[in-house]
Amino acid sequence: MLKDSNEPLWDGWTNHSKLSVVAQVFTIKSDHGLSEAGYDKIIEWTRSILPEENGLKENLYAAKSMMKLLGLGYQKIDMCPNFCMLYYLENVEMIGCMTCGHSCYKPRTSRGKTLMAYKKLRYFPITSRLQRLFMSPRTAKHMTWHKSHDAVDEVMVYPSNGEAWKHFNSVHPHFSTESRNVHLALCIDGFNPFGSFAALILVSLSY
C-alpha cells in the first residue's frame, strides 16, 4: 500500500500515484452512482489512451482488492427479514428467527446452491476508520483540536466548550486526560423507530 501511494501511475508522471487515482475514481463512482459495468467501461477506455505501461487497475474487482488493504471494508451479518434479530455471535448457526420463526434463508432453487439470507446487515467497523484518521498528520491534529485549541470564556466554538462535554470529563477524568480518546455522539433527527412524535435522540458515547 505504501509503495502504491508513492509510485506514479506511469514513469515520468508525478501528478498522481497508483493509489490516489484509484481512490479518486472510487469517489466519482460513489458520488454519481456508477454501476460496476459503467466503472469498468470507463477504466477500459482510460487505459486505452494511457501509456502502455500504466498502473491503473483494469476493473472494479482489481481496484477493490487494492483498496481492501486500507481496512475500510464492511462485515455482512444475516438478519431476520422482519427485523427481529441478527444471526450473530452465539446465534450465527441458527436457521430460523427465535421471535417470529421466519426462516433466515431463501429456499434453494437447485441442489448444492449456496444458502442466501433474506436480508443482510452491512456493518462498518468504526475502529479501523478512526485509526486511519490518526495515521495522517493533517487529520490527526484535527482529532486532538478539542484539547489544544484556546477556549474563550462564555464563547462556544466547539462541543468541548459545552457543559455536556465538561460534565463528561469531570465524571471520567482518566478518559479526558488522553487527547487522542474519541467522543462519539449519535444524533437521529427526523427518524424515530419507536414512535411518530419524538424528533431528536442524543446519546453520548466514548471509546
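Q: Which residues does Cys80 touch, not counting residues up to four places away in sequence?
A: Met85, Tyr87, Cys97, Cys100 and Lys119, with that exclusion applied. Keep in mind that this is a predicted model.

Q: Where does Cys80 sit?
A: Cys80 is in the loop between β1, residues 75-79, and β2.

Q: Is Cys80 buried or exposed?
A: Cys80 is buried, because its relative accessibility is 0% and the cut-off for buried is under 20%.

Q: How far is Cys80 from Ser103, in sequence and in space?
A: Cys80 and Ser103 are 23 residues apart in sequence, and their C-alpha atoms are 7.6 Å apart.

Q: Moving on to β2. Which residues does that strand span, and where is Leu121?
A: Strand β2 covers residues 119-123, and Leu121 is in it.

Q: What is the relative accessible area of Leu121?
A: Leu121 has 32%, so it is partly exposed.

Q: Which surface patch does Leu121 belong to?
A: A nonpolar one of about 440 Å², made by Leu121 together with Leu86, Tyr88, Leu89 and Tyr123. The 32% of Leu121 passes the patch cut-off of over 30% relative accessible area.

Q: Which residues of α2 are buried?
A: Lys18, Leu19, Val21, Val22, Val25 and Lys29. They lie on the same side of α2, because they cover an arc of only 165° around the axis.

Q: And what is on the face turned away from the buried side of α2?
A: That face carries Ser30 and Asp31, which are exposed.

Q: What comes just after α2?
A: Gly33, with a positive phi of about 65°.

Q: Zooming out, how many helices and strands are in the protein chain?
A: Nine helices and four strands. From the N terminus the order is α-α-α-α-β-β-α-α-α-α-α-β-β.

Q: What share of the residues is buried?
A: Buried residues are 23% of the 207 in the protein chain.

Key:
Residues are numbered from 1 along each chain as its sequence is written. This is a predicted model: local features need pLDDT of at least 70, side-chain atom pairs count only at pLDDT 80 or more; totals for chains, interfaces and linings use all residues. Side-chain values use heavy atoms; hydrogens and water are left out. Patches are made of residues with over 30% relative accessible area and no salt bridge: like charges are joined within 9 Å, nonpolar side chains (Val, Leu, Ile, Met, Phe, Trp, Tyr) within 5 Å. Accessible areas come from the Shrake-Rupley method with a 1.4 Å probe; for residues, only the protein chains shown count as cover. A salt bridge is a side-chain nitrogen of Lys or Arg within 4 Å of a carboxyl oxygen of Asp or Glu. Helices (H or I, at least four residues) and strands (E, at least two) are DSSP runs, numbered from the N terminus. Buried means under 20% relative accessible area, exposed over 50%, partly exposed in between (1.4 Å probe, protein chains only). The arc is that of the directions from the helix axis to the C-beta atoms. Contact means heavy atoms within 4.5 Å.
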